[in-house]
Structure formats: structure tokens, C-alpha cells
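Let's take a friendly walk through this structure together. Have the sequence and the 3D view ready as you read.

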Amino acid sequence: MSTPPNFDEVIDRRGTHSSKWDMMEPLYGVPAADGIAMWVADMDFRPPACVQNALEGMASHGLYGYFGDNRANHDAIRWWMSTRHGWEVEAASIFTTNGLVNGTALCVDAYTKPGDGVVLMTPVYHAFARVIAAAGRKVVECPLAIEDGRYVLDIAGWDAMMTGGERMLILCSPHNPGGRVWTGDELRAIAAFCVRHDLILVSDEIHHDLVMPGHKHTAMALAAPEIMDRLVMMTATTKTFNIAGCHVGNVIIPDKALRTPFQASLNAQGVSPNSFGMVMATAAYSPDGAAWVDTLVSYLDGNRRLFEDGLATIPGVRPMALEATYLAWIDFAGTGMDAAEFTARVEKQARIAANHGPSFGKGGGHFLRFNLATPRAVVAESVARLKQAFGDLQ
Ligand SMILES: Cc1ncc(COP(=O)(O)O)c(C=O)c1O
């Protein structure tokens, strides 16, 4: 492998059109000068050299026309899913979208009609509800339960909520926020729920490579092969390799009949691949990329430990155990403060921008989400600032 990655390097991203850093002051009032951006889910790390080299190869060739011939990209995707996830994917089942929010919107368009219900297990990644509502469909929030400080399913409760007007469920696996890696039994229970209520199951597995040691992600396609005729899988290189700005995603549809409406939506909306994204994603899904991800995950696990241990010393502040993703979901209910107060302490005293819990739907009210994919020294600084901001609780 090439030079090992240096995740400790602090790279100043201010003034680079970074959403996370350059929108922190306008949106949160956290000063750009010395604030810490811990909201948007991208990482403050450079991608692996294989990705950078591929992009530099393109730049030195200097021609930026339309993309064609996706065979290498399909081979790379198939290799990654097989070697990293034990999942054999057929080339014809792969569709390229402009990212997975785009993939979600295309699924909503392809498989539901205006007024139909789309089920979300909330709190969950906020863009799902935004896309569903913008398309004139109904967001049906099925709240996750909390048991022993972690999210669990409440299938019986959700069964009772269904009206017959629901057509689709969008699953986030592993779960953002909350960091759950759903077990095989949980995945099968979700699949059975979809069969019972005749729902298309869209499984967004964008975080599937970022799983903490001791946990194992299972692709829905492997957990419940019996529901292939209603399953749409979504994966991407963008979270894993920190190339979200290139807006490229894999929508993988095992069932031939289900592919037709999806292809029709792609055509109707004029979606075609971004050549930068295709070149970067193809380079990423490689042995060098895999070695980089292994190093990354172990670094993220160290950040997770530092943050969880640090926050656990603040009375009333409770981190949810992070099994996957780099997005720490922190419960402030035990402080006795309302959301306005604990959020003001985080933003004004600690000068940290973190996502507000309510944007993730029901159950998010007393939470904030912190992005830990940043150099260890920055995580340490955030912990020190938070301890000080809530110092009167010690
Ligand atoms: C579950 C989930 N899906 C999709 C996305 C974004 O996907 P994209 O950037 O490919 O549109 C995110 C980003 O945080 C996410 O957490």
C-alpha cells in the first residue's frame, strides 16, 4: 500500500466551499474563527491516495466530457460488495444516481404515487422526510423505542399504525442517527413487516463500511433474500471515502421487474453520471481503498471512545453507544435543561455546531448529533469545551 494515511493532520477547510465549515456561522451562529463544525456528515480527512491519483490522472489529461462505459465501475462495485460484504451483485442490477438522496427521490417517484404513505423509523436521516414531503407523499413516522440506551424496533406498535395507504419503507442500515447495526433478526422482522403491509423496502446502507470493531453489518439482501421482489438496496463510496461532493451513488435492484419503473424514473428526470464521481468511486473500490478503510475505522473507533468517555463524565449527558457511523447521538434529557438551553451552551459557550435532534423526526427532541470524523485533537478539544460549558453540573 502507498503512504499510510495521517488522520491526525488538521486541514483548514474554511473558505473552501465546505458546507460543514463555511455554513456553520450563517446557520448556527458558531464563529468561523474558532468554532468546531460537527454537523454535516462528511469527514475532515483526505480520501485515499488511489482516489486522489485517479482524479489527478483525469486533471492532467484535461478533458472533461460525458462519461461512458461503466464496466470498470460495475466490476469495482461487484468486487467491493463481494469481498467486503459477502454479497454477490449482478451488473445489470446496478444503477448510478447522483448520490443517495437522489436515489431516494427516484425510488419515491418510481414506486409510489402522490398521497401515498412512506414509512420511516424515526428519528432518522432528515433528508428522507424532506424528499418524501416535497414529492407530495405522506411521511409516516414509526418511532423507534429505546431499550437499555439503544434504539430497538417496535414492530407491534408499527403494525397498529398502518392504515393500508402506505407503499414504501425507507430503512437506514446501519442507522443514522443512533448508530445501530441492525441484527439479522431485526432485519428479518423489518422485511416481514414490509411483506405484511405490502411495502417496497428501500434499504439505505450508505454507512455499511463504517462499522465499529465487534459489530457486523448484514446487507438486507442477504438477511432476507425472500423479499427480493420488493427490495431496493442503496450503497455508495461517498461516506466511506469522504467524496460526498462528487454526488454518486449505487442503487442496486436485484429483481428484474422492479428495475423497470426505476429506469423509467431515471429517464424521466434526466439523471446521468458525473464523470468525476465515476472515476473516483471506481478507484475507491479497490484493495488500496479497502486497506485505507480498515485504518480509518480503527481511527474513528478511537475518536468514538474519547468522545463517549469524555461526555460520560458530564452528569445527565448520555451518549448512545455507537456501533457504526461516525455520528454520535447525544441525549441531554438528564441535564434537566430544555433544548434551547443545552443547544445554546453547545453553540455559544462550547462554540460547536452539532445537528439539532428534532430535524431527525419524532424522538429527537432532547438530542444533538456530533460528527466525530475529524482529527483526534479536534475531538479532544470538543470534549474539553463541552465539559466546560456544562461545568456547573459537575
Ligand atoms: C443515511 C444516509 N443516506 C444518504 C445520505 C446522503 O447521501 P448522498 O450524499 O449520496 O446524497 C446520508 C448523508 O449523511 C445518510 O446519512
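Helix 4 and helix 13 cross in a right-handed way; a crossing is called right-handed if the near helix is turned clockwise from the far one by less than a right angle, and left-handed if anticlockwise. Helices here are DSSP runs of H or I with at least four residues, strands are E runs of at least two, and both are numbered from the N terminus. Helix 13 covers residues 287-312, and its axis lies 11 Å from that of helix 4, at an angle of about 40°. Axes are lines fitted to C-alpha atoms, for helices over the stretch in contact, with angles from 0 to 180 degrees between N-to-C directions. The pair therefore counts as oblique, since angles under 35 degrees are roughly parallel, over 145 roughly antiparallel, 65 to 115 roughly perpendicular, and the rest oblique.

Helix 4 brings Trp79, Trp80 and Arg84 to this contact, and helix 13 brings Pro287, Gly289, Ala290, Val293 and Asp294 (contact means heavy atoms within 4.5 Å). These residues divide into 5 nonpolar, 1 polar and 2 charged; Ala, Val, Leu, Ile, Met, Phe, Trp, Tyr, Cys and Pro count as nonpolar, Asp, Glu, Lys and Arg as charged, and the others, Gly among them, as polar.

## About the model

This is a predicted model, where local features need pLDDT of at least 70 and side-chain atom pairs pLDDT 80 or more, while totals for chains, interfaces and linings use all residues. Residues are numbered from 1 along each chain as its sequence is written, and side-chain values use heavy atoms, leaving out hydrogens and water.

An open, mixed sheet is built from 7 strands in the order 2-10-9-8-7-3-4; strands pair if DSSP finds at least two bridges between them. Strand 2 (94-97) and strand 4 (138-143) are its edges, each pairing on one side only. On average, neighbouring strands are turned by 25° against each other, direction ignored.

Helix 4 (residues 71-85) packs on this sheet too, touching strand 2, strand 9 and strand 10. Within the sheet, strand 7 runs parallel to strand 8, joined by 5 bridges.

## Arginine 376

Which helix holds arginine 376? Its place is in helix 15 (residues 376-389). Arginine 376 is partly exposed, at 28% relative accessible area (buried is under 20%, exposed over 50%, partly exposed in between, with a 1.4 Å probe and protein chains only). Leaving aside residues up to four places away in sequence, arginine 376 touches Asp8, Tyr299, Gly302, Asn303 and Leu306.
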